[in-house]
Amino acid sequence: MTTRPSPALIAIAALVYVFLVGPLVIVIGASLSDTTYLTFPPQGLSLRWFENIFEITAFRRTIVTSLQIAFLSTGLALLIGIPAAYALNRYRIQLPSWLSTVFVLPILVPEIVLGFSLLKSVAVGASFPIFVSLLIGHTLLVLPYCVRVISASLASFDFSIEEAAISLGSPPAKTFFTIVLPNVRAGVIAAFILAFITSINDVSTSLFLTGPGISTLPIQILAHVEQFFDPTIASVSVLLMFLTVAVMAIVERTLGLTFLAK
Amino acid sequence: MTNALYRSLAGAACVAALLAAAPATAQDKTLTISWWGFNGEKLNQFIVQPFQEKCGCTLVFETGNNADRLNKIKIRGGEGVDVAYFTDGFSQIGIEEGLFQPIDRSKVPNLAGLYEMAQAPQGEYGPAYTIGRVGIVYDSAKVNPPITKWADLWRDDLKSAVSLPGITTTAGPMVVMIAGEKAGTDPFENADPAFAEIEAIKPNVVKNYNTGSEMINLFSTGEITVSLAQDFALGQLKAAVPTVEWANLEDGAIATLNTVNIPKGSKNVELAHEFINFILSPEVQQATAENGVDAPVVTSVQLTPEQAKQWTYGKEMIDGLKRVDYSKLNAAKSDWIDRWNEIFGM
Amino acid sequence: MLKRYTGWTLALPATLLVTLFLVLPVAATIATTFADAKGVLAPYLAFFASGFRRTVLWRTLEISLATTAISLVLGFLTAYVVARAPGRMKSVLIIAAVFPLLTGVVVRSFAWLIILGKNGILNNVLVGIGVTDEPFSMLYTQGSVIVAMVYLFTPLMILTLVGVLENIPEDVLQASASLGASPSATFRQVVFPLAVPGLIVGAVLVFTGSFTSYATPQLLGGERQMMMGTFLYQRAMVNFDWVGASTIAAIMVVITVAVVLAMTRIAKRLNPMTT
């Protein structure tokens with residue numbers, strides 16, 4: 001990856017980043033304001049709205065649930081999604097062409113209808129425990145990202161490398177992990193990030209799948225802002241940004257998916 | 001190879017730990033309560049802990065907004081919770097859908113100490129445990145002369161200065177009622193004149209808000225100078241815009257009651273009645289009122305003028321409030337929503 | 001023999017999950033719309049008979065197509081640059097691109113109030129440099145909804161495309177250049193077709209996401225800019241009319257599937273390797 005793009009292109013990308021990051025300056029500024037209402041520029045600087053997050057029991061309790069669900073659902077979706085993406089590319093002649101649309105269905109259905117249907121048919125109809133129903137809902141929600149993003153990455157992968165390795169005696173499973181997967185690293189990471197964030201932020205699907213004793217952070221935040229209009233919502237967003245960076249750093253370290261290798 | 005093996009074992013261990021930390025199932029003698037979920041610490045201090053000690057039971061909560069909690073109770077066939085908190089508009093829907101059971105008033109002796117309005121607002125079903133009001137708030141620095149009646153919302157000098165509550169909020173349908181009164185007709189009988197008035201107020205409206213924080217943001221950034229609000233928002237609104245005032249409406253503000261009900265599928269009916277009686281006791285109501293949780297409906301609660309400022313409090317004020325007939329409102333709501341959509345949404 | 005079914009074996013768990021827990025439950029919900037006493041298709045005919053509902057549908061289509069087109073262009077150009085960034089820089093850029101997705105919708109709408117509001121930053125600048133005397137009313141218009149949606153979906157597009165663009169081999173580009181192709185020709189005939197599978201995935205994700213979007217149109221458009229997602233929510237949570245809500249959902253699914261199939265067909269024409 002050594003061809004530098006033209007200066008014009010870099011300028012456009014820079015402008016896009018200004019567009020994306022600009023409003024964040026407002027969010028961060030508002031989270032530090034020493035006022036009881038959202039304002040920008042901040043009036044007085046204080047970390048009290050960050051402290052407030054941890055003082056609210058509802059938030060403390062549900063941060064854990066949200067993280068559990070996000071990790072488990074993303075993990076599950078990757079576990080079943082990567083093989084599916086691989087199959088769509090490597091074994092495309094065996095599979096019908098509409099199969100790829102099946103994996104996109106979860107985002108075609110409006111989320112509250114999905115949550116409602118799961119509650120009715122699965123949680124109530126088939127008496128599944130609440131946590132499991134919530135987990136299934138989230139796994140479905142993030143599956144499209146895991147399948148399609150990785151599949152797109154695999155579309156430009158040269159499978160002859162894999163065939164060469166197999167013909168030289170490497171077992172198929174090992175070849176997958178040592179040859180195929182590392183080459184779609186960026187796709188897997190992008191899928192992981194998108195899936196994790198989608199799950200952590202989700203409201204509409206979770207709305208119906210929470211129950212006594214089980215709720216998620218975004219839903220609690222929504223309930224909170226019905227009564228309290230203070231900058232806590234801004235500080236929660238900033239906290240989530242830090243959390244994401246932390247999660248990505250951990251992913252990079254433990255699973256060895258470093259960018260530096262490329 | 002061993003590296004990868006080690007990593008996948010670590011990963012599996014993490015997953016196992018995550019699963020093990022998943023919430024345990026409820027134990028026996030549990031009372032399940034459905035409520036909004038904010039103010040957790042104060043409610044824990046004044047209601048949850050004391051009641052748990054008193055009954056030797058555990059309280060478990062289902063939290064969320066009115067609509068999703070009611071929907072969930074409906075899908076579960078009235079089961080899953082023992083005590084359900086709703087605003088009166090929604091508890092009326094619950095009653096009409098046959099989701100609640102009548103309250104055995106002999107088991108709730110504290111009812112006698114309530115304002116009459118709160119004792120049986122919806123017939124044999126749940127009582128109100130707190131009362132609030134919907135009125136007009138305006139920025140006194142920018143609005144002259146001050147607002148003194150509901151009809152002032154239609155004033156010409158308020159072009160592009162007003163935010164109405166969305167039709168899907170608690171206060172939304174009240175706007176239609178007010179419009180009907182202005183037109184001199186009963187909007188439940190014939191909504192045409194009321195909606196003609198709503199069409200007339202449209203030039204004054206910048207945006208209809210759906211959450212309290214939206215309304216406050218609109219005020220604090222100067223997008224609007226007049227709005228309808230519930231009284232609990234006033235304190236926070238004034239912190240953002242100190243010149244905001246609650247309009248002294250000669251034709252009266254509108255009462256909003258929050259109720260507690262027992263769904264028909266409850267497995268702990270006795271305990272549920274005990275809980276309701278508990279939250280209506282003078283001690284609990286005094287504590288929650290003094291500590292900024294809810295306005296009291298028990299007549300014997302005494303508050304200093306300072307404490308009472310933020311609440312709907314006092315016989316005089318409460319008697320002067322307009323009531324909403326929710327059974328009529330719920331019947332008309334679908335039609336009103338469609339017509340409101342056509343005015344604002346086209 | 002097993003080799004013939006390897007594809008299915010690998011794709012089976014995901015297929016089962018979607019079928020058992022999505023297709024069947026949602027089909028059961030949508031089935032209720034066909035049970036109306038007034039006739040099998042009654043709720044659907046009623047939907048299309050209403051001027052308001054047709055307006056909502058049309059508006060939603062316009063906004064989501066516009067959002068998809070703009071996000072595609074912005075996302076593609078940005079992803080191209082990010083894919084070619086050196087190691088550490090690339091990680092930072094990818095994570096920075098994702099931050100907009102982490103802002104809650106309430107605080108995001110506040111940020112847009114600050115930027116686009118009557119007393120907002122943009123208006124202050126425009127009035128300050130003399131472009132206009134009166135501040136523009138930029139909020140709660142179709143344009144502001146599109147801006148807010150593009151803000152949300154460009155990161156999605158960038159992330160989807162980075163993986164694809166990374167895999168376009170360097171030597172292919174250099175070969176193209178060495179054979180005399182101009183940069184724009186290389187882009188048109190080499191980079192673009194190779195990126196098509198990713199572009200389609202991105203377009204599908206963005207289109208369906210914006211078409212079914214609820215929170216952003218609610219706070220940034222409100223009732224004046226009602227979209228299918230907000231309308232569905234209103235029907236379900238306020239009218240308690242689940243048959244009506246399911247009707248809207250069914251219409252949304254049909255339209256999004258149609259658009260997705262159309263996009264996929266165009267993509268396959270441009271690059272047959274598309275899945």
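How many of the 14 residues of helix 6 of chain A are buried? Twelve are, so this helix is largely enclosed by the rest of the structure; buried means that 20 or more other C-beta atoms, placed from the backbone, lie within 10 Å of the residue's own, while exposed means 12 or fewer and partly exposed lies in between. The model is predicted: local features need pLDDT of at least 70 and side-chain atom pairs count only at pLDDT 80 or more, whereas totals for chains, interfaces and linings use all residues. Residues are numbered from 1 along each chain as its sequence is written, chains are lettered from A and ligands are numbered from 1, in the order in which they are written.

**Helix 6 of chain A**

- This helix covers residues 111–124 and spans 18 Å from its first C-alpha to its last, close to the 20 Å expected at 1.5 Å a residue; the expected span is 1.5 Å times one less than the number of residues.
- Helices (H or I, at least four residues) and strands (E, at least two) are DSSP runs, numbered from the N terminus.
- At A:Leu118 the helix bends by about 30 degrees, the bend being the angle between axes fitted to the seven residues ending there and the seven starting there.
- Its buried residues include A:Glu111, A:Phe116, A:Leu118 and A:Ser121.

**Chain B overall**

- Chain B contains 14 helices and nine strands, and its C-alpha atoms fill a box of roughly 75 × 65 × 40 Å along the principal axes.
- Of its 346 residues, 48% count as buried.
- Among contacts in chain B with a separation of 6 or more, 74% join residues 24 or more positions apart; a contact requires C-beta atoms, placed from the backbone, within 7 Å.
- The mean pLDDT of chain B is 88, with 92% of its residues at 70 or more; pLDDT is the predictor's confidence in each residue, from 0 to 100.
- Residues 21–27 of chain B have pLDDT below 50, and this stretch has nine contacts in the model beyond near neighbours in sequence.
- Where pLDDT is low, the predicted coordinates should not be read in detail.

**Domains of chain B**

- Domain 1 is 30–131 + 256–313 and domain 2 is 132–254 + 326–345, with bounds from an automatic or database domain assignment.
- The domain centres, taken over C-alpha atoms, are 28 Å apart.
- Twelve residues of domain 1 are in contact with 13 residues of domain 2.
- On the domain 1 side, helix 4 of chain B gives the most, with five residues.
- That side has three nonpolar, seven polar and two charged residues; Ala, Val, Leu, Ile, Met, Phe, Trp, Tyr, Cys and Pro count as nonpolar, Asp, Glu, Lys and Arg as charged, and the others, Gly among them, as polar.

**B:Lys182**

- B:Lys182 sits in helix 6 (residues 172–183) of chain B and counts as buried because it has 20 C-beta neighbours inside 10 Å.
- Not counting residues up to four places away in sequence, B:Lys182 touches B:Trp150, B:Ala151 and B:Glu197.

**Contacts between chains**

- Between chains A and C, 92 residues of chain A are in contact with 88 residues of chain C.
- Helix 1 (residues 7–31) of chain A supplies the largest share of the chain A side, 13 residues.
- The chain A side divides into 68 nonpolar, 19 polar and five charged residues.
- Between chains C and B, 21 residues of chain C are in contact with 21 residues of chain B.
- Helix 5 of chain C gives the most to the chain C side, with four residues.
- By class, that side has eleven nonpolar, seven polar and three charged residues.

Note on methods:
Contact = placed C-beta atoms within 7 Å.
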